[in-house]
Amino acid sequence: MRLFPGLSDLFFTLFRKILFLWVRTNVMGASREQLGLDPDKPVCYVLQYSSLSSRLVLEQEILRAELPSSQAPFPAEKGPRRSFFFLYQRAGGLFRRRHSPALTPRIKQITAMALHDPSLDIQIVPVTLFWGRSPDKEKSLFKLLLSDTWSVAGRLQKFLIILVHGRNTYVQFNRPISIQQVVNEFRDNEERATRKLARILRTHFRRVRQAVLGPDLSHRRTLVAELVKTPAVKEAIRETARDKDLPPEKVRAKALKYADEIAASMSIVTIRFLEVVLSWLWNRIYNGVAVNNIEVAQDVAKDYAVVYVPCHRSHIDYLLLSYVLYRNGLMPPHIAAGINLNMPIVGPILRRGGAFFMRRSFKDNPLYATVFNEYMHVMFSRGYSVEYFVEGGRSRTGRMLQPRAGMLSMTVRSYLRDHRKPIVFVPVYIGYEKVMEGRSYLGELRGKKKQKESIFSLAKTARKLTNSFGKVAVNFGDPIRLSQVLDDVHPAWQEEAYDADYRPRWLNQAVDVLSDRVAEHINAAVAVNPIGMLATVLLSAQRLAMDERLLVRLMDEFCDLIRSAPYSPHVTYPEGTGTDWIAYGENMGLITRYSQDLGDIIALEGNNAILMTYYRNNIQHLFALPALIASLFENFSTLKRERVVFLASSVYPYIKSELFLQYSDEAVDPVIEHWIDVLVERQLLTLDGDRVCRPADGTEAALRLRALSRFIIQTLERYHISIAILRKYGSGRISASELEEQSTLMAQRMSILFGVNAPEFFDKMLFRNFINNLQTNEILTTDENDLLCYTEGLDEVAEDARLVLNLEKRQTIQQVTMLGA
């Protein structure tokens, strides 16, 4: 064909068009902006294995993206005829045994050109192509023929793969590699320069393949059988047989049953089926799914065993995250699911979609705990991506729940046993404008028993598919490398030896640090949406109603406020203005409009008033510090700046623990100083020398400052309830559990008497957390009878609370406390 280049091009174009009568592609990274191409430097594409079909797909996607053609002659004298090359070519013929792939002459030619002419800086763009994305899950010939795997396909196999999977073809363009930067080290040694370029490209293709396909998977039955043969499970079988006086064979059979109950059975066929179904579902119930900062996951998946740790707001979470990852070129993770979801029909589908099932408690079943721990160790040590929810269950209040240590502890212990494969946690914030289970959450918060999952409850949920649930945001936060956490907690961790049973003394501290860091990173990737802004501002109004014009101004003001001092670079904000958000909230059926000649009134009514606290709580941590500063001016028109910083920093540790704020106690003072400056700049406060002043009463600035303070005031009232009850009983007169119970009852009473609509106001876990923090900060101690004792430090905390709360609030809490006496 070299004698007839025109004829060669004609046949190439013809074959390409014929192929794309069947083939359909999903392409990532194919734009000049994403690739960051320098228009003044030549571009050369590289594919991993020699293949005509891959060449045809490459050129088709290049033409669609309007990138420099791979068919064009290489822009250098005596260069290759085309601007592409294959890294490897197959050794062997159609009917001869194939040997290991060998480097192509083209890579050697391009390396030699770069060495000969240092001014020739070629941009080498690696392109990876997958005909379907099935991992090597089965050992049967059928699966090998019909899957694009880690192995190199022959011609017949490739034909069958294209035939079966051609309509599910994935193509990924990656940022270019500068050949001069690669070969510069070996100017006098062409062979070593070629080997270095080949090694870089080989490593790149391997990393991308692992991210897209996941590690090689063994057959599920083999995996289950291997679990029971591990030393830890064998020892657990012996101990269980001895303790319960059972035959070892019977206990071993039980261990096999446990392993079979736990293990996932990921099927690419099921994943593709779910992709189609979920695409239809999202288009039906949502107005769009926004994905932000996905590059974090795409990058770390190439080198790490990834643990995805999303917040847990809905059963939709794990379906949505797996869908987003798959659609963006990543293998869906193995997902830890509660055993309650292993119900008929649904359970097998979830298992084939990557779910592995776990019981709620392992405490009284050491054999089950050992089998589960070994299964998790296999996942991590082999580099599988895993997903679990550190909160344990779904948040009924919209806040980040206190992380549970179980799964995190298993992950840390597994890594200590075998840390050859590094582990990274990828926090994910999933933000809904209308959570599907919202109404059932209201019932549960009012004391209604949690409904058990069943086929019938699933059928009831299906009836909601005619409703609209707004938009969803899936935001990826900064990754957390487990090795870095261990270095921070115990720098000598790599010098110790670990086995399945060893728990170092510092393990709990490491897990606690990791738990807090995960929760903080999730919150740092929060998505602010119109419903959250509506909820935040309307719930600050005493009667849950506001003039429309004022509501618009306040929403615009407060959204601009958090934009002007960003909590983190990963926070996303809503489009449009307050006017648009009101119209959107009306369309969602969450707010009510009352038409008035003097101006329309927007209000929250009935269940919506309580439901909207859920969406306010999603973003409350963004406003925590400015709202805390604003609350200091409830009772005082002016305070010294240093006093403002002192009071805010004194309360901060308790708010940090509750809302998982990202600033350490030691580093928060400069942040408070910055927020004072921001509030002054926005005229919510003024400065008079070294004093900070609130605006004059009756001005709109004073109204805005009062509204801002109400974003946090209920949290401060809750703290004051516990302190008031403790001081009423006296030191050494009440236990922590009794104080928690009394505080909860008083908060419930106050919510009824004074119309507090937030369910978390009387959340027992929040009171427990506050009491624990008072103990951590040594404000409280316990005596030999486990009764709480306090010193003058508590009086100082109480006095600080009195400064924050206005007279009406203090009298209200005092009244409720006396009523409960």
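My notes follow, beginning with the ground rules and then taking the helix and the salt bridges in turn.

I am working on a predicted model, in which local features need pLDDT of at least 70 and side-chain atom pairs count only at pLDDT 80 or more, while totals for chains, interfaces and linings use all residues. I number residues from 1 along each chain as its sequence is written, and side-chain values use heavy atoms, with hydrogens and water left out.

I looked up helix α20 (residues 482-489) and found Leu-482, Val-485, Leu-486 and Val-489 buried (under 20% relative accessible area, with exposed over 50% and partly exposed in between, for a 1.4 Å probe and protein chains only). These four lie on the same side of α20, because they cover an arc of only 95° around the axis, taken from the directions from the helix axis to the C-beta atoms. Helices (H or I, at least four residues) and strands (E, at least two) are DSSP runs, numbered from the N terminus.

I then turned to salt bridges, each a side-chain nitrogen of Lys or Arg within 4 Å of a carboxyl oxygen of Asp or Glu, and noted that the structure holds 29. One of them joins Arg-195 to Glu-191 at 3.2 Å, N to O; the two are four residues apart in helix α8 (residues 190-213), so about one helical turn separates them.

I also recorded Glu-634 with Arg-706, again a salt bridge, at 3.2 Å, which links the loop between α25 (606-631) and β19 (638-640) to helix α28 (residues 700-709) across 72 residues. Glu-634 is buried at 13%, whereas Arg-706 is partly exposed at 39%.
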